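Open the structure in a viewer and keep the selection panel at hand. The tour below gives one selection at a time and says what is there.

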Amino acid sequence: MSERADLTLADVARLEDVLDADALVEVCRSASELCALPVRVVSCEGERLAAEGHAAEGHAADAPAIDAPEDLAPEGAEVADPRSPGAFYRVAPIAYQGRRLGHFVIGPYSPSLTASSPAREGIPRVPRETAERLSAHLLGVIDVLLFSGHRAILTTEMHVASVRESYRALSEKTAALQKAYDELKELDRLKSNFLATVSHELRTPLTSIIGYSDMLATGLAGPLNAEQSEFVDTIRNKGDHLLALITSMLDLNQMERGELTIEREPIDACALVHEVAKTLAPQAAKKQISVEVELGDELPSIEADAVRIRQVLLNLVENAVKFSPAGARVVIGARATTAPSQDEMGLALMGPRRALELVVTDDGPGIPESQRERIFDAFYQVDGSSTRTHGGTGLGLSIVKRLVEAHGGEVWVDSAPSGGSIFRCVLADIVDE
Ligand code: ADP
């Protein structure tokens, strides 16, 4: 990893990069106060990074620059002041992991303790061992400071490197996702085009098949015997089924392309429910299923696309009849309810609004809770024997969901007390009377 290379000690080239300036001054001050000796820290470039004790002793300005030779022993050495006989300094290198970063200087001091030796004005007198011990102490403290300072830098740099690495990985993933998304979008477009073309091409000959079988059935081409009639009926029924499937596919395709238009006008829910019940009564009667209507009081008037809402109810009731056993009862209901108000962004606005709830209840096998969301997906069918027995395309409910959502409404399924299903559809687009 290239970033890790940044974290090697090669980068700790300057003392001031690793050591906190305040901490360094504080260390020098306490060392200076400890033995009443001037102390200063000098960088490799000769820059004075901290200097304590000189001002008090009156040597701040004229303290000579003491050279720290390259071959200075790690524990430091005593150096005589060339300009001031009898004055000495203790000089020690500051190194970190084999790299010289600077040095510190203790002094000047006069190591002579005998009364006969001349006292130099302004130069403190301390035993040599004291300066040596102070130097060792200072070396130890600076070493600890260097170690922790360097560790803090490493931690920060590692953190920065890991954030940079995460960002890079994230950018790569985002780019890959964007690419996959673009490809999927293109595939989706191709699929939609393909579906639209194929469905259209299938529908034209199918209309002829249905039309000609109708003509045959009505005897336009001469009378048919019983067996021929039965065959023609089968052709007609299968043709109708195929046409319904193609129409559903075209509808769904149109909705997926966002080409669905909703023509809103006030609709009469009561009339709509009765009309759907009447339309499907013959189909239900074949299975001795009764289709009943239950209407609540004061149904709200909603603005909706009557053709689309009729399709929603037809799909739901057709399913109810299809999945209910012979002799069962299917109920189509409508009642007033409330729905949370939402703006175009889906944010809740003030107070609930009146809404219309359409309910289709059946005595069928019901839908397991785990499948209740998925049945609204295109081509999804509950994997059970009833589904296989009843056939179907798995498109009806996905069309229902899209139509209801295009109206700003909601559709879901619950369990009926009888064990069957209750499909509820709430349309909140209300115009109050
Ligand atoms: P289709 O009915 O053509 O299979 P739908 O999209 O209308 O497609 O329904 C999807 C699936 O949901 C059905 O295959 C069936 O498994 C389940 N389903 C729908 N309505 C009912 C119902 N009233 N009772 C039981 N299962 C149902």
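Start by selecting G409 and the residues around it. Leaving out positions up to four places away in sequence, G409 touches V404, V426 and L427. The model is predicted, so read each distance below as a value computed from predicted coordinates. G409 sits in the loop between helix 10 and strand 11 (410-415). Draw a distance from the C-alpha atom of G409 to that of L427: the separation is 4.5 Å, although the two residues are 18 apart along the chain. Is G409 buried or exposed? Its relative accessibility is 13%, and under 20% means buried, so G409 counts as buried.

**The hairpin of strand 11 and strand 12**

Next, select strand 11 and strand 12. The two strands run antiparallel and are joined by six bridges. For one of the pairings, pick D414, whose bridge partner in strand 12 is I422. Five residues lie between the strands of this hairpin, and G419 takes a positive phi near 105°.

Strand 12 (421-427) is among the elements that give two or more residues to the shell, together with helix 8 (306-323) and helix 10 (396-406). Which element gives the most? Helix 8 does, with four residues. In total 21 residues surround the ligand, and the closest are N319, D362, Q381, T393 and L397. Colour the shell by residue class to see nine nonpolar, 10 polar and two charged residues.

- From K322, a polar side-chain atom lies 2.9 Å from an oxygen atom of the ligand.
- From D362, an N or O atom in the side chain is 2.8 Å from a nitrogen atom of the ligand.
- From L397, a backbone N or O atom lies 2.8 Å from an oxygen atom of the ligand.

With these contacts on screen, switch to a surface view. How much of the ligand's area does the protein bury? Taken alone the ligand exposes 520 Å², and the protein buries 97% of that.

Go back to helix 8 and select D305, which is in the loop between strand 8 (302-304) and helix 8. D305 counts as buried because its relative accessibility is 7%, under the 20% cut-off. What does the side chain of D305 reach? It comes to 2.8 Å from the backbone nitrogen of E263.

**S248 in helix 6**

Select helix 6 (residues 226-256) and find S248 within it. With neighbours within four places in sequence set aside, S248 is in contact with L395 and I399. The relative accessible area of S248 is 18%, which is under 20%, so this residue is buried.

**The hairpin of strand 1 and strand 2**

Pick V41 and then A50, its bridge partner in strand 2. Where in this hairpin is the positive phi? G46 takes a phi near 90°, and the hairpin has four residues between its strands.

**D67, in a loop**

Select D67, in the loop between helix 4 (54-57) and strand 3 (77-80). Is D67 buried or exposed? Its relative accessible area is 63%, over the 50% cut-off, so D67 is exposed. Draw a distance between the C-alpha atoms of D67 and H103: these residues are 36 apart along the chain, and the atoms are separated by 9.4 Å.

**The whole chain**

Colour by accessibility: buried residues make up 37% of the 433 residues. The chain exposes about 24,700 Å², and carbon and sulfur atoms supply 56% of that area.

How values were computed: Residues numbered from 1 in each chain as written. Predicted model: local features only at pLDDT ≥ 70, side-chain atom pairs only at ≥ 80, totals over all residues. Heavy atoms only, no water. Buried < 20%, exposed > 50% of the residue type's maximum accessible area, 1.4 Å probe, protein only. Areas by Shrake-Rupley, 256 points an atom, 1.4 Å probe, with all protein chains shown as cover. Near = heavy atom within 4 Å. Polar contact = N/O pair within 3.5 Å; in protein donor to acceptor, adjacent residues only side chain to side chain. Nonpolar A, V, L, I, M, F, W, Y, C, P; charged D, E, K, R; others polar. Pairing = 2+ DSSP bridges. Contact = heavy atoms within 4.5 Å.
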